[in-house]
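Thanks for making the time this morning. I would like to walk through one model with you, going from its overall layout to its contacts, and I will take questions at the end.

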Amino acid sequence: MDMEADRDTFLLAVGGGITTDIGAFTASIYFRGVDFALVPTTLLSQVDAAIGGKNGVNLDGYKNVLGVIRQPSFTLICPQFLKTLPQSDIKGGLAEMLKTLILKDREGYCKAASLLKRGYTLDELAPYISRAAAIKAQIVESDQFEIGDRKLLNLGHTFAHAIEKESGIPHGEAVAIGIVLAARLSVKLRILASQEANTIEEDFIKIGLETKSPLKPELLFSSMKRDKKRSGDSISFILIERIGKCVIYPVQIARLEEALYDLS
Ligand SMILES: NC(=O)c1ccc[n+]([C@@H]2O[C@H](COP(=O)([O-])OP(=O)(O)OC[C@H]3O[C@@H](n4cnc5c(N)ncnc54)[C@H](O)[C@@H]3O)[C@@H](O)[C@H]2O)c1
């Protein structure tokens with residue numbers, strides 16, 4: 001208001017996921033919505049937060065309580081911003097990037113993992129950032145309101161939310177652990193070959209991502225059973241059939257409890 005922004009104002013949000021979320025949310029509600037665009041500057045925002053039109057902010061410490069779904073005019077992704085990003089933030093973004101490749105692109109995942117294991121330049125990383133962003137954009141385009149395929153983007157997140165909440169470790173690290181646990185659960189339920197789960201875990205270890213839950217199985221279970229994706233006596237998980245193909249799969253609470261003792 002102080003800057004005399006009116007209905008024709010165009011808002012450009014440049015920054016990490018927090019900035020793009022707040023910028024996009026503000027633009028979406030100001031004068032019932034002004035045009036906006038996003039320039040994400042962290043890896044996590046380039047492959048995830050700035051794509052998909054979910055624009056939310058927290059309220060009284062509760063995540064994304066206020067929010068809208070509204071798409072930007074454009075999202076400009078420039079990997080050179082990542083030059084100054086701390087390694088801990090890079091790791092969080094890598095977990096989300098690899099997650100998206102595991103969902104839909106086996107070859108992309110294998111190539112990205114081998115690059116990350118041997119060390120890389122930003123120019124070498126750029127095609128995988130672009131690929132992960134494109135896959136997320138495609139999924140969102142086909143299912144903006146998360147009725148079907150968009151749910152796949154939650155791979156590893158049911159584990160991750162519980163781990164994050166109970167241990168306080170950063171979201172990206174928790175997502176990496178969550179993906180490995182989802183792979184192990186997929187093997188237990190005979191959906192995924194154990195060799196594929198080993199590949200993911202070994203890749204993540206060599207890349208420097210966390211793979212082991214810091215929580216005792218009973219704490220992990222008690223936190224997970226309160227997950228919002230619970231419906232009656234089962235929780236809807238995203239499980240891996242093979243690298244490049246994932247499915248939505250309801251798992252009985254009792255079966256989950258039993259499996260967690262073997263996985264942790
Ligand atoms: N809207 C969505 O769909 C969606 C999806 C995933 C995550 N999110 C949200 O994204 C947020 C996390 O995003 P994030 O990981 O980008 O965190 P962030 O926005 O907090 O940025 C991390 C840190 O990096 C700094 N930074 C940003 N760009 C930099 C650069 N180029 N060089 C050096 N430092 C830089 C920031 O100032 C900040 O201190 C969370 O609030 C999460 O809820 C939203």
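**Ligand, domains and salt bridges**

Let me begin at the ligand, where a nitrogen atom of the ligand sits 2.7 Å from an N or O atom in the side chain of Thr84. Please keep in mind throughout that this is a predicted model, and that every distance I quote is computed from it.

Staying with the ligand, a nitrogen atom of the ligand is also placed 2.9 Å from a backbone N or O atom of Phe81, while for Ile18 it is a polar backbone atom that lies 2.9 Å from an oxygen atom of the ligand. In total there are 16 residues around the ligand, and those that come nearest are Gly17, Thr41, Thr42, Lys54 and Thr84.

Now to the layout of the chain, for which the domain assignment gives domain 1, covering 11-80, and domain 2, covering 87-263. The contact between them draws 13 residues from domain 1 and 21 residues from domain 2, and the C-alpha centres of the two domains are 23 Å apart.

How much area do domain 1 and domain 2 bury between them? The value is about 1500 Å², with 65% of it on carbon and sulfur atoms.

Turning to the polar side of this interface, six residue pairs are in polar contact between domain 1 and domain 2, counting pairs with both residues at pLDDT 80 or more. On the side of domain 1 that touches domain 2, helix α2, residues 43-49, gives the most, with five residues, and the residues of that side divide into seven nonpolar, four polar and two charged.

Two salt bridges are found across the interface of domain 1 and domain 2. Lys54, which I named among the residues that come nearest to the ligand, has its side chain in a salt bridge with that of Glu146, at 2.5 Å from N to O.

Finally, the structure as a whole holds 16 salt bridges. One of the pairs is Glu96 with Lys99, whose side chains meet at 3.0 Å, N to O; both residues belong to helix α3, residues 87-104, and are three residues apart, about one turn of the helix.

Key:
Residues numbered from 1 in each chain as written. Predicted model: local features only at pLDDT ≥ 70, side-chain atom pairs only at ≥ 80, totals over all residues. Heavy atoms only, no water. Domains from an automatic or database assignment. Contact = heavy atoms within 4.5 Å. Buried area = accessible area lost by both parts, 1.4 Å probe. Salt bridge = Lys/Arg side-chain N within 4 Å of Asp/Glu carboxyl O. Polar contact = N/O pair within 3.5 Å; in protein donor to acceptor, adjacent residues only side chain to side chain. Helix = DSSP H or I, 4+ residues; strand = E, 2+ residues; numbered from the N terminus. Nonpolar A, V, L, I, M, F, W, Y, C, P; charged D, E, K, R; others polar. Near = heavy atom within 4 Å.
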